Amino acid sequence: MRIDVLTLFPQVFDGFVASSIVGRAVASGLLTVACHDFREHAKNKHRSVDDRPFGGGPGMVLMCQPALDAFEALDADPDGKPLRILLTPQGERLDQRIVEELASVPRLALLCGHYEGFDERIRALSGAREISIGDYVLSGGESAAMVLIDAVTRLLPGALGDEQSARDDSFSDGLLEYPQYTRPREYRGLSVPEVLLSGDHGRIEQWRRSQARMRTSQRRPDLMEDGSH
């Protein structure tokens, strides 16, 4: 899989792309992450990518030309045209279902916003899918891009080493994950549930499923509303 990131701050991604699961996926050839400074596509003499909003108001707005030219430059690559994504608080909220969709796409292009947002014509002319990571505002789209890249990378075959790990994660089956324990068996008066020490895999699986349903019902009842759990 290849992910292209259009950003004004490509250096922000250096440590992220080289670390942890994303770094291992890159090192093993499962994933390519390429960061592009879309300021390089600016055609004005000051290489600016933003301007004051028509109608007045605070802040600056990202201009059409640099952003759209950056998207279009990626289309010419031999790896094929990417699925375009705008990272914006106005987009559909990212969840595991969307992550699974994106993980099946061979190439993504993520545009990281800044300032007061995008010129509306970027939305209209790019045909990009708009995605938000939550109902709050960030200083820029770079951290949102990292969230999306991390979530997608976990689902690439071979990225985790143990494929069962991704299947057991919270939200993978619509439930929060069951409680987990490791050594020691007792700590500050709290003990590991006996069923986990029984060696009876059928009972353990039943307990885990029951705990996942209980935890989801208590903490995220909205996930139980469809009645499928």
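This report walks through salt bridges in a predicted model.

## Ground rules

Local features in this predicted model need pLDDT of at least 70, side-chain atom pairs count only at pLDDT 80 or more, and totals for chains, interfaces and linings use all residues. Residues are numbered from 1 along each chain as its sequence is written, and side-chain values use heavy atoms, with hydrogens and water left out.

## Lysine 43 and aspartate 69

The structure holds 15 salt bridges, each a side-chain nitrogen of Lys or Arg within 4 Å of a carboxyl oxygen of Asp or Glu. One of them pairs lysine 43 with aspartate 69 at 3.5 Å, N to O. Because lysine 43 sits in the loop between strand 2 (32-37) and strand 3 (50-51) and aspartate 69 in helix 3 (residues 64-75), this pair ties together parts 26 residues apart in sequence. Helices (H or I, at least four residues) and strands (E, at least two) are DSSP runs, numbered from the N terminus.

Lysine 43 is exposed at 67% relative accessibility, while aspartate 69 is partly exposed at 21%. Here buried means under 20% relative accessible area, exposed over 50%, and partly exposed in between (1.4 Å probe, protein chains only).

## Aspartate 77 and arginine 107

In the salt bridge between aspartate 77 and arginine 107, the closest N and O atoms are 2.9 Å apart. Aspartate 77 belongs to the loop between helix 3 and strand 5 (83-93) and arginine 107 to strand 6 (residues 107-112), so the contact links parts 30 residues apart in sequence. Aspartate 77 is partly exposed at 25%, whereas arginine 107 is buried at 3%.

## Arginine 220 and aspartate 222

Arginine 220 and aspartate 222 also form a salt bridge, with 2.8 Å between the closest N and O atoms. Arginine 220 is partly exposed at 32%, and aspartate 222 is partly exposed at 38%.
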